[in-house]
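User: I would like to go through a structure with you, starting with a pair of packed helices. Could you begin with the residues that meet?

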Amino acid sequence: MTGRPTADPTTANLPDTGSPSEAAGPAPDVGTPPAFPLPRTCPFAPPPDYARLRDGQPAFQVRLPTGALAWVVSRYADVRALLADPQVSADARHPSFPAMGVGERETAARNRPFIRTDPPDHTRIRRMLQAEFTARRVRDMVPGLTAFAESLVDEMIATGPPVDLVSVFANRMSTATVLNLMGVPTDNLEFFRDVTRISGGRGSTAEEAQAALGNMFRMFNELIDRRLTEPGEDLLSRLVVNHLATGAVNRQELMSTIGITIVAGRETTTSMIALGTAVLLENPDLVTALRADPALLGPTVEELLRLLSVADSIPLRVATADLDVGGVRVPAGDGLILLLAGANHDPGVFPDPERFDPHRTNRHHVAFGFGIHQCIGASLARAELEISYEVLLRRLPDLRLVVPVAELELRNDSATFGVEAMPVAW
């Protein structure tokens, strides 16, 4: 499962699984809904069965762990179209909302983070955050982010190898970034990792998920009370003063917004920092090219986002009208799961999709989603990834994985794909 250099040092191969159709085998029996979610077997590629689904039918019914049926969609054109379709709802209160576990379903319906709402509620709450994640705001953050990444590497060097890159760098980089932006204390970063693991874990019960979120919301409640009397310069203060105090949002909406901004922002970026670093370390010729030409870093990040698609099954939807998905009728009221990794590995749009190629001319991946629910923190995530990869590769030129890629423990039971740990040395 190791990458292989090619004649072009900036075009790399990932583990050879053959073409998607060859790796996946024949199309499935469309009369038997397979169990979903499907686990990844390689950290650098979606489940092989995605190709079977894509080759078999544009929309395919699966059975969720809750016992409910839902339609999965894996072709790029269909995923993009449905993400932008006003007849497709993200509201978690729908009875057929296709959550992967009972805990996830009840938690999403009860707390209703804005990513699980429709306009006008979604529009109202998203608008509060938009000004905080502009490209200009992110550029102003780059010096501080770079200095923090440098300090994390300083600590790694002082500790000495081996270390777990997930806990000592990726989690700290992503979690501290979003907490500092929000104005939430950073003295217990593992607390937020635990909250994310439990609340987003597909095996968690409703009680476990609600207890984890309850601990976080109690912290937010105290912080909100303080900001009402003593506002500062952070995002939380602006949300409290400009939106909560004016009645534009209520306290529950504000806490859910803070929670999803932190949880989603830290989890996806943590996974991308770790897995993206693993891809780079498996392709040393590409690392050499990146050191020689820093301008290649941006395209490399875009290709890693497409390739890894760690937020694969986060777009959970419900059809509010009968839909035609590539000739397949999806009845109104049925759940939909729009597979970002399936779309980003559609060979009709991204030829040889398992191949890691920073020189691809098509940059229109959907790793951040599409339409009104496209990730609001995309610019910040890109900056964190570019900074993390650049600092790690520059400061630790002989950085290497301690174990083979095939031995990394994959996290398939979470809303965001990742690895539990990634031991490295230098």
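Analyst: In α9, Met216, Phe217, Phe220, Asn221, Ile224, Asp225 and Leu228 are in contact with Arg251, Gln252, Leu254, Met255, Ser256, Ile258, Gly259, Ile262 and Val263 of α11; contact means heavy atoms within 4.5 Å. Helices here are DSSP runs (H or I, at least four residues), numbered from the N terminus. The model is predicted: local features need pLDDT of at least 70, side-chain atom pairs count only at pLDDT 80 or more, and totals for chains, interfaces and linings use all residues. Residues are numbered from 1 along each chain as its sequence is written, and side-chain values use heavy atoms, with hydrogens and water left out.

User: At what angle do α9 and α11 pack?

Analyst: Helix α9 (residues 206-229) packs with helix α11 (residues 251-281) at about 115 degrees, and their axes are 10 Å apart. Axes are lines fitted to C-alpha atoms, for helices over the stretch in contact, and angles run from 0 to 180 degrees between N-to-C directions.

User: Which residues of α9 are buried?

Analyst: Among them are Ala206, Ala209, Leu213, Met216, Phe217, Phe220 and Ile224, together with Gln210 and Arg227. Buried means under 20% relative accessible area, with exposed over 50% and partly exposed in between (1.4 Å probe, protein chains only).

User: Turning to the largest nonpolar core, which residues touch the most other members?

Analyst: Of its 91 residues, these are Phe169, Met216, Phe220, Ile262, Leu308 and Met422. The largest contribution comes from α11, with 14 residues. A nonpolar core is a set of buried Ala, Val, Leu, Ile, Met, Phe, Trp, Tyr and Cys residues joined through side-chain atoms within 4.5 Å.

User: And what does Met422 touch?

Analyst: Not counting residues up to four places away in sequence, the contacts of Met422 include Val163, Leu165, Ala274, Leu401 and Leu408.

User: Now α15: what do its buried residues pack against?

Analyst: They pack against α6 (135-159), α7 (165-182), α11, α12 (284-292) and α13 (297-308). Among the buried residues of α15 are Leu380, Glu384, Tyr389 and Leu393.

User: Lastly, where is Pro113 found, and is it buried or exposed?

Analyst: Pro113 sits in the loop between α4 (102-111) and α5 (121-130). Pro113 is buried because its relative accessible area is 14%. Its C-alpha atom is separated by 7.4 Å from that of Glu253, 140 residues apart along the chain.

Methods
Helix = DSSP H or I, 4+ residues; strand = E, 2+ residues; numbered from the N terminus.
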